[in-house]
Amino acid sequence: MDSIAIQGGARLNGTIPVSGAKNSALKLMAASILTDQPLRLTNMPRLADTKFLGRLLRELGVEVTENGHAGVGGEEQETLFHAAAIRSTFAPYDLVRQMRASFNVLGPLLARTGEAKVSLPGGCTIGARPVDLHLQALTAMGVEIELDEGYVIARAPKGLKGAEIEFPFVSVGATEHALLAAVLADGVTVLKKAAREPEIGDLARCLVAMGAKVEGIDTDELVITGVTSLGGTEWPVIADRIEMGSYAVAAAMAGGEVRLTRARPELMQALTDKMVEAGVEVTPTADGVIVRRDPALRLKAVNVATEVYPGFATDLQAQFMALMTTAEGDSVIHENIFENRFMHAPELARLGADISVHAGEAVVRGVEALHGAQVMATDLRASVSLVIAGLVAEGETTVGRVYHLDRGFERLEEKLGACGAQIRRIKGEDHEH
Ligand code: EPU
C-alpha cells in the first residue's frame with residue numbers, strides 16, 4: 001500500500017485546476033445503462049472509484065473506452081460508455097462492496113431490462129448507510145424485491161410505473177437512484193423531499209440531454225415524465241466542489257495564495273462563508289476562485305454543522321476540522337449526516353490536535369502547532385484532512401493507506417506539489433483492500 005509523506009511548513013502558492021466530480025461521474029456512468037446509444041462523458045476524473053465502476057459496467061456489457069491524456073486539468077479526459085446490449089444483469093458482491101455507488105446500477109438495469117440481481121453494498125466506515133430508501137422508491141414504482149443471501153433480486157415484469165414518492169429524509173443516493181429509474185417508467189414520478197446536491201442537478205440535466213423529461217431540477221421536488229427510450233449525448237462532468245473545497249482549505253491551512261481554476265465556487269458557498277469568518281480571503285474569479293491567507297495571521301475558530309446541500313457538506317467536515325486544529329479558540333463541529341464520521345479526530349490528535357468527540361459533536365481546541373507523525377486514514381475525506389494537517393505539522397507526516405485518497409482525488413500530490421507543498425508518494429506493496 002502506498003503512503004504519502006509531507007514535510008510541513010511550506011506555503012502554497014500557485015494554480016490548481018479542479019477535476020470533474022467523482023460523485024457526479026459515478027451516477028452519470030450508471031445512466032449509460034439506460035440507452036443503447038453511446039454516452040460520452042468529458043471532464044472525466046480518473047479515479048480508483050470510476051475505475052471500479054467501469055469494471056462493473058464492462059461486466060454488464062457496457063463498452064468503456066477511455067480517451068485523452070492525463071494532463072492536470074482533465075479537460076482532455078473523456079470516456080465513452082456504450083451499452084449497445086446488456087449482457088448481464090448481475091452485479092456481484094466483490095464489485096459492489098468496494099464502492100457503495102455501484103449499487104445504483106440496480107435502477108437502470110431494471111428500467112432497461114426489467115430485472116437485476118445486485119449485491120447489497122454492506123456497511124462502511126462512516127456509518128451503517130443502509131439502502132432502505134432506495135428499495136422503497138423502487139417498490140413504489142412497481143418493482144418486486146426479494147432479499148437473498150446479501151443480494152437484492154428485483155423484477156419489474158410489467159416495466160416500471162411512475163409513482164409519487166416522498167422520502168422520509170433527504171438522501172442523495174436514493175434521490176439519484178429513483179431518478180435513474182423513473183426516466184424510463186410508464187407515467188409520471190414525483191420525488192418529494194428530494195436531495196438537491198449539485199451532482200443530482202448534473203445527472204438530471206444529462207438525462208434531459210439524453211431525451212428524458214425532468215422538471216424541478218435543483219429543487220427538492222423532481223417531476224419526471226417517463227419516456228420510452230433515451231438516446232446518447234456528450235456531457236461534461238460538473239466541477240468537483242469537494243475537491244475544490246479541500247484545496248481551498250489546504251491553502252487556508254498552509255498560508256499563501258492559491259488560484260483554483262475550472263471551479264464553481266458558488267457550489268461551496270457554505271464553506272466559503274465559514275472560511276471568511278475564520279479570516280481567510282476568498283475572491284471569485286472568472287473561472288474559479290482565489291484563496292489567500294496571510295501566514296502571519298492566525299485564523300479564528302468558528303463552529304460548523306453539516307447539513308444537506310446547500311448547507312455545509314459532510315464531505316468537507318474532516319478538512320475543516322483539520323483547519324480548526326491550529327485556529328485561535330474553540331470550534332464546535334456537528335456532524336448531522338453520518339453517525340460515525342469523526343474517525344479522523346484521533347488521527348489528528350496524533351499530530352498534536354486537541355479534539356474531544358461526544359456522539360455527533362466534536363470540540364476542537366486550537367493549538368499553537370502540530371507535529372509530524374505517522375497517521376492512517378479510514379476514509380477518503382478523512383485521508384485528505386490528514387494531508388491538510390500535514391502541510392503545517394512540524395517535521396514529516398506520513399499518511400498511510402493512500403488508496404482511500406486515490407478513490408476520490410486525482411493526482412493529489414502533483415496538484416499540491418505544483419503549489420510548493422513538500423509532498424511525495426512512497427510506493428508500497430499492493431494489498432487487497
Ligand atoms: N440513508 C438511509 N437509507 C438509505 C439511504 C441513506 O438511512 O436508503 C442514510 C445514510 O445512512 C446517511 C444519510 O441517509 O446517514 C445520508 O445518506 P445519502 O444517501 O445522502 O448519502 P449517499 O448517497 O450514500 C453520497 C455521497 C457521499 C456523501 C453523501 C452526503 C456518493 C457516491 N456518495 O452518499 O460521498 O457524503 O452523499 O452528501 O455520491 C464521499 O464522496 O466521500 C462520500 C462519502
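At the start of helix α6 (172–182), a side-chain oxygen of S171 comes to within 3.0 Å of the backbone nitrogen of A174, a polar contact in the sense used here (a pair of N or O atoms within 3.5 Å; within protein, one must be able to donate a hydrogen and the other to accept it, and residues adjacent in sequence count only if both atoms are side-chain atoms). Helices (H or I, at least four residues) and strands (E, at least two) are DSSP runs, numbered from the N terminus. The model is predicted, so local features need pLDDT of at least 70 and side-chain atom pairs count only at pLDDT 80 or more, whereas totals for chains, interfaces and linings use all residues. Residues are numbered from 1 along each chain as its sequence is written, and side-chain values use heavy atoms, with hydrogens and water left out. The buried residues of α6 are G173, A174, T175, E176, H177, A178, L179, L180, A181 and A182.

An oxygen atom of the ligand is 2.7 Å from a polar backbone atom of V172, and an oxygen atom of the ligand lies 3.3 Å from a polar backbone atom of P130. From R100, a polar side-chain atom is placed 3.1 Å from an oxygen atom of the ligand. Of the 830 Å² of accessible area that the ligand has on its own, the protein covers 88% (Shrake-Rupley method, 1.4 Å probe; for residues, only the protein chains shown count as cover).

D315 is buried because its relative accessible area is 15%. Leaving out residues up to four places away in sequence, D315 touches N23, I242, R341 and R381 (contact means heavy atoms within 4.5 Å). The loop between β18 and α10 also holds P310, and a cis peptide bond with omega of about 10° joins Y309 and P310.

Helix α4 (residues 106–113) is likewise mostly covered, with six of its eight residues buried. These are L106, G107, P108, L109, L110 and A111, and their cover includes α1, α2 (48–60), β7 (115–119), α5, β9 (151–155) and α6. Just after α4, G114 has a positive phi of about 90°.

Away from glycine, K193 has a positive phi, near 55°, and is found in the loop between β11 (188–192) and α7 (198–209). K193 counts as partly exposed because its relative accessibility is 36%. A359, with a positive phi of about 50°, belongs to the loop between β20 (354–358) and β21 (361–365). A359 is exposed, with a relative accessible area of 71%.

The largest nonpolar core has 76 residues, of which L260, M275, L412 and L416 touch the most other members. Such a core is a set of buried Ala, Val, Leu, Ile, Met, Phe, Trp, Tyr and Cys residues joined through side-chain atoms within 4.5 Å. Its largest share, ten residues, comes from helix α8 (residues 241–254). Beyond four places in sequence, L412 touches I4, Y247, V384, V387, L405 and I423. Another core, of 73 residues, lies apart from the largest one and includes A154, A178, L179 and A195.

E410 lies in the loop between α13 (403–408) and α14 (412–417). E410 counts as buried because its relative accessibility is 2%. The side chains of E410 and Q77 are joined by a polar contact of 2.8 Å. Beyond four places in sequence, the residues that E410 touches include S19, M44, R46, E243 and K415.

Key
Buried means under 20% relative accessible area, exposed over 50%, partly exposed in between (1.4 Å probe, protein chains only).
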